[in-house]
Amino acid sequence: MENVDAIVIGAGFAGLRALYRLREMGKKVVVLEASAGVGGVWYHNGYPGARCDVESYDYSYSFSPELEQEWRWSERYATQPEILRYINHVADRFDMRKDICLSTFMEEARYDEIAARWTIRSRDGRVWSAKYFVMCVGQLSTTKAPQYPGQQDFKGEVIHSGVWPKHPVDFANKRVAIIGTGSSGMQMTPIIAKEAKHLTVFQRTANFSIPASNAPVTDEEDKAVKATYRARREQAWNSPTGLGFKPNKQSALEVSPEEREKVYEAAWHRLGYGFALTYFDILLSKEANDTAAEFIRKKIGSVINDPALREKLVPKGHAFAARRPSVDSGYFQAFNRDNVELADVRESPIEAFTDTGIRTSAKSHEFDMVIFATGFDAFTGSLLKPNIVGRSGRTLKEKWSAGPITQLGVSVSEFPNMMIVVGPGSPSLLSNVMVSTEEQIDWLSDLIRKMDEHHVVEFEAQPEAELAWVAHVNERAKETLYMTADSYYNGAEVAGKPKVFMPYSGGVRGYRRILNKCADEGYAGFSLRVQPAALGGTALELAKEFS
Ligand code: NA7
């Protein structure tokens with residue numbers, strides 16, 4: 001068994017950032033990563049067209065000005081290969097690999113109440129003991145796919161977008177199926193359409209999408225960003241979403257239709273996901289939302305030639321951005337090609353796979369390849385995969401059986417010294433996740449530093465505080481339109497998953513204020529003990545000295 005100060009699970013953006021910060025504080029850290037490489041979701045999501053929907057300069061670490069200056073992004077929205085190169089560069093540049101165990105799946109984490117330490121076991125039988133147990137496992141990292149009768153008989157290739165093969169995938173002369181029209185399906189469709197002999201896209205829900213307006217980054221633009229990078233970061237940190245957009249205080253309903261049209265038109269060509277932020281009430285008021293949704297429907301409809309296809313592809317039945325909208329590059333236009341077909345699974349459900357394709361209630365399709373772009377068991381999938389055992393044998397699976405419960409998104413009572421980064425109960429996927437990641441890791445590191453200074457061996461969320469936080473998260477969500485649609489924000493993506501709102505919709509700026517207030521008040525809502533509770537340790541009165 002190896003003793004370390006902290007064990008970090010996951011070597012994606014969050015895991016590497018945690019490693020960097022904890023090592024900087026002089027901690028002995030080990031990172032366990034199930035995959036054969038660093039990068040988390042960006043290691044696996046290698047499907048054609050995979051691209052970030054946050055601008056490259058904002059979807060990057062802010063902790064090293066040298067790194068900021070030396071890295072040259074080539075496009076406004078980086079592709080998966082470029083992001084993976086970046087994260088590998090970071091791992092090398094900061095000599096991180098020596099502390100990362102690749103191909104190491106954490107099977108179990110068990111809290112030792114007497115020692116106030118976690119014992120972590122990997123699937124291959126190695127064991128570590130750590131005071132701090134930091135979960136950096138991502139929100140969209142456990143894939144999900146339906147199982148159809150006869151699937152095992154299908155003779156062609158089956159691929160999931162979220163575990164894309166590392167070898168080149170050849171679509172030439174192939175008849176390809178894509179199941180799912182979220183960001184992954186929408187991004188890969190136009191590229192595969194150009195290469196494949198025939199492409200059938202199986203759609204369950206027509207999604208809203210905004211054009212990516214991607215472009216190469218010129219040397220002048222690169223210089224300009226790098227000259228003022230601090231200011232850009234400040235702007236991102238102080239914006240509600242972490243994306244740097246200044247909140248517009250205007251309602252979509254208080255301007256004339258002509259003015260609104262002009263604003264939407266400009267946003268359509270430049271803002272990508274930021275389109276949802278053009279007016280402050282787009283996600284708060286159905287009426288305001290309708291104005292944006294109607295504009296987008298018109299835009300989408302205008303590029304689809306066939307009226308019957310248009311009817312099916314134009315999104316309806318849910319508010320714009322209540323489910324995550326995509327940022328695409330030619331998705332709808334791809335359906336004007338002769339070799340692209342839409343299969344509506346609501347109208348004609350998939351009944352079974354055959355050895356040569358897929359049979360729906362309407363017809364049999366022949367395929368050489370089927371791609372599942374059916375998404376993930378979001379937020380909780382990867383947190384609940386290993387067996388995490390807290391106090392008195394309590395498992396995280398039991399504790400979260402009615403949905404995730406956290407204090408401020410970072411900590412769970414009965415699981416002392418366990419820290420969760422960008423998990424449920426934090427802004428996470430409703431924000432620029434890089435900003436949220438860095439913000440939480442800095443806050444948690446600060447807590448660790450103070451714990452060391454005060455000889456605290458155990459910190460733990462207080463049960464009443466976490467229940468209050470869960471209630472607050474749900475109250476904030478109810479103020480928005482997020483709860484009006486089924487989505488992975490509210491657990492609807494997996495049958496039987498508890499229907500609770502997962503991320504915190506109060507924004508990164510508001511969330512930071514809450515985190516800082518908590519720290520200023522001596523970590524209100526947490527118990528901090530110099531003796532483990534199991535040995536009779538009671539919580540310190542820390543209000544003054546801890547802040
Ligand atoms: P998403 O956004 O969760 O999309 C999954 C898609 O798969 C969505 O269109 C689903 O339809 C569809 N789906 C899921 N199960 C089925 C079944 N059984 N039959 C047909 N269609 C199905 O995942 P992505 O990988 O595209 O994107 C993940 C995130 O990456 C994205 O949100 C961005 O943050 C970046 P539904 O809409 O549920 O009817």
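## Burial and overall fold

A residue counts as buried when its relative accessible area is under 20%. By that cut-off, 58% of the 547 residues in the protein chain are buried. The model is predicted.

The protein chain holds 15 helices and 20 strands. Its radius of gyration is 24 Å, close to the 24 Å that the globule rule gives for 547 residues, so the chain is as compact as a globular protein of that length. Along the principal axes, the C-alpha atoms fill a box of roughly 70 × 60 × 45 Å.

## Contacts and surface

The accessible surface of the chain comes to about 21,900 Å². Carbon and sulfur atoms account for 52% of that surface.

## Ligand shell

The ligand is surrounded by 20 residues. The closest are Thr181, Ser184, Arg204, Thr205 and Tyr488. By class, the shell divides into seven nonpolar, eight polar and five charged residues.

## Polar contacts and cover

Ser184 uses its side chain: a polar atom there lies 2.5 Å from an oxygen atom of the ligand. Thr181 and Ser183 use the backbone instead. A polar backbone atom of Thr181 is 2.9 Å from a ligand oxygen. For Ser183, a backbone N or O atom lies 3.0 Å from an oxygen atom of the ligand.

On its own, the ligand has 770 Å² of accessible area. The protein covers 85% of it.

Technical notes: Residues numbered from 1 in each chain as written. Predicted model: local features only at pLDDT ≥ 70, side-chain atom pairs only at ≥ 80, totals over all residues. Heavy atoms only, no water. Near = heavy atom within 4 Å. Polar contact = N/O pair within 3.5 Å; in protein donor to acceptor, adjacent residues only side chain to side chain. Areas by Shrake-Rupley, 256 points an atom, 1.4 Å probe, with all protein chains shown as cover. Nonpolar A, V, L, I, M, F, W, Y, C, P; charged D, E, K, R; others polar. Helix = DSSP H or I, 4+ residues; strand = E, 2+ residues; numbered from the N terminus. Rg over C-alpha atoms; globule rule 2.2 N^0.38 Å. Buried < 20%, exposed > 50% of the residue type's maximum accessible area, 1.4 Å probe, protein only.
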